[in-house]
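Open the model in your viewer and keep the selection panel at hand.

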Amino acid sequence: MQHIFAFFCTSFLGAVLGVNFPSNIQIGGLFPTQQSQEHAAFMSALSQFTEPPKLSPQIDIVNISDSFEMTYTCLSVLQKVLDTAAEKNWQVTAVNVMTTTEEDYKSLFQNLEKKKERVVVVDCETDRLNAILNKIVKLGKNGVGYHFILATLGFMDIDLSKFRNSGANVTGFQLVNETDTIPARIMQQWKNNDAREHPHVDWKGPKYTSALTYDGVRVMAEAFQSLRKQRIDISRRGNAGDCLANPAVPWGQGIDIQRALQQVRFEGLTGNVQFDEKGHRTNYTLHVMEMKHDKNRKIGYWNEDEKFVPTAVDQQGANETTNLQNRTYIVTTILEAPYVMQKKSYEQLEGNDRYEGYCVELAAEIAKHVGYQYRLQIVSDGKYGARDPETKLWNGMVGELVYGNADVAVAPLTITLVREEVIDFSKPFMSLGISIMIKKPQKSKPGVFSFLDPLAYEIWMCIVFAYIGVSVVLFLVSRFSPYEWHNEELEEGRDQPANDQTNEFGIFNSLWFSLGAFMQQGCDISPRSLSGRIVGGVWWFFTLIIISSYTANLAAFLTVERMVSPIESAEDLAKQTEISYGTLDAGSTKEFFRRSKIAVFEKMWTYMKSAEPSVFVPTTEEGMKRVRRSKGKYAYLLESTMNEYIEQRKPCDTMKVGGNLDSKGYGIATPKGSLLRNPVNLAVLKLNEQGLLDKLKNKWWYDKGECGSGGGDSKDKTSALSLSNVAGVFYILIGGLGLAMLVALIEFCYKSRSESKRMKGFCLIPQQSINEAIRTSTLPRASAAGTSSGENGRVVSHDFPKTMQEIPCMGHSSGMSLGATGL
């Protein structure tokens, strides 16, 4: 950029007189007045460069028209600005200040206020720039939130006294570095030598236009001195050129003069003076300046290679501390429990005492560490801050900072990239992530057979098959092994033992043995063979492990009422449509899903933005109410810290499911370039190291919790078992008893029927034999002598003697009868 507005342009017209190389060259200049500093700098430069050839001034005082200025300066700069705006999608409003009245200025700033645009670029010469700034001050548009960028190369030449301590941010550029030795030395020469010749000139500091004039004269002087040393003829002999010809005929020696100008290089008032092959100045540096209270400061520099390079921010000085202490800052925040809440006696209190919460105490601690006074202000629209994609305007607390309505934002404001581009954040004072809130499902009541829950149904089935398999193997092993067979013991009245051998492990006894071992009750029989004992041993080991595992889990399953959650993760939400889900409107969570490139989150965002009715809610309070009203048909995506807090509040009917979807943090926000940024950042770090941040979170999250560690009213309940927990055991007991009675009845009926068939006829036997049989049957004997035990202890042989069993029986037709006394 090139702005020489004090005299609009400086022309160097060379006239060459004489033969060979001339000893005197006239240098012309156009100035609006002879009392300007530029005119004095021009004359001073000519007087200092005395080496031949001598440069003689040829000065004209010209009233340059506004059309000249607009044509050669403003329009070219404006075109570059518009081109850049088109590339970066900026919205630019161009205003011609030369034809703008005071009423037009007022209307202009009213439109900017309506559009929430407070960044103003002013591009004009210094005199008109000062007039525009005075009008801005008169309209009162120099307050906090406004950012004026002065497109001039002489930031130090502008009168900014009325902008000091106003709150507005003023940025500009400075070509002349007054702290360098060369400008200081030349300015001292001007004051000493030219103060008498130019008494009306202000020599407090070199204007950038005066510095350009001085360096321009030096460029001409060194170029002609170089040509003279090279003995290059620059006279008009030969081809003198004709500018009016069509096409124009160039001057023959012009190429030599151009080459000499391009080769000039020195350190001047404007820094390094050097030109490229096209005659454009190169390798120069612009200092980026900023108005900071009662002084201007350098915040960086720009050059062609490195572009803009910010310099280290200076430490907070005594003056800045005084300014912080002498001003009341506006701290914007949002009503969001437990961060900021209204006290019960809100209407009777005033100022900051009306509020309580985590962020209220945090703001007080930061103000105490930094040393400033503040006033809490609730954001008017109740939003955190997002940029409207159509109007490009920021809302919420971010908008309050961007547009200068607040100085600090102490709230659960998430640090994001888009916000960091327009405001500054401190180090995070709380870490968190996006989580899922659903309505807490009803606790599942224990079923009748809840005692089976400690082991999966697959395990129970395997146990049943193992039980049957072991019993069958035991039966087969006992049949094959000779050691399981043994002779029956002698019956009383029998002279010699029977030749039949018995085996106790029939199929029913094998099942009985396995069942007794599994129930850890034992059995009245046991294997005699080695193979049978191996089967029994491994079965005992198996039952030991199974019963121990079952017992270990039984208490937990019977005493804890489990809740079955329909959603466990974001993937569960994405792959179903029965449960709708949404986020806070105009918040960082919504922006996360909008910008995410992860397939699951992209699928969720596609659903949320097209869902009808809308799944977005204006406030977190509304989202919480929607979760509770939906009866499990709505899930709310929000920060994990807020989710954990709501879970601890009555009626204790919400819960957090799954892990966090991302990782981020809350930070304290300040406007770009605010003095509070560094002090607030250091205060947050100090509070974190002191453990105060963790203490505040425990105070407002858990110490004031209403649901206890288990949620709901679990703290009022005991872990005693109810009848519903063990009802199945009683049902099995009753069922087993009933089954036993039924089996006993069936056995009785079967046995009675068999005996009745055997005794349906009358037996014809002698009286003596009958009496002897009856007497013999009533003789006392050992239970084992007269019977042979069968499976399950049943009696195989009858109680009658064998002689009695062999008596032939006859029907009624025999004509013989037996008396009751005889039997």
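In which helix is the place of Phe508? Select helix H13 (507-518): Phe508 has its place there. Helices are DSSP runs of H or I, at least four residues, and strands are runs of E, at least two, numbered from the N terminus. This is a predicted model: local features need pLDDT of at least 70, side-chain atom pairs count only at pLDDT 80 or more, and totals for chains, interfaces and linings use all residues. Residues are numbered from 1 along each chain as its sequence is written, and side-chain values use heavy atoms, with hydrogens and water left out.

**The surface patch**

Stay on Phe508. Its relative accessible area is 52%, so Phe508 is exposed (exposed means over 50%, buried under 20%, partly exposed in between; 1.4 Å probe, protein chains only). Helix H12 (457-480) gives the most, five residues.

**The strand pair**

Select strand S6 (residues 169-174). Five of its six residues are buried. Strand S5 (residues 147-150) pairs with S6 in the parallel sense, over four bridges; pairing takes at least two DSSP bridges. Find Ile149: Thr171 in S6 stands opposite.
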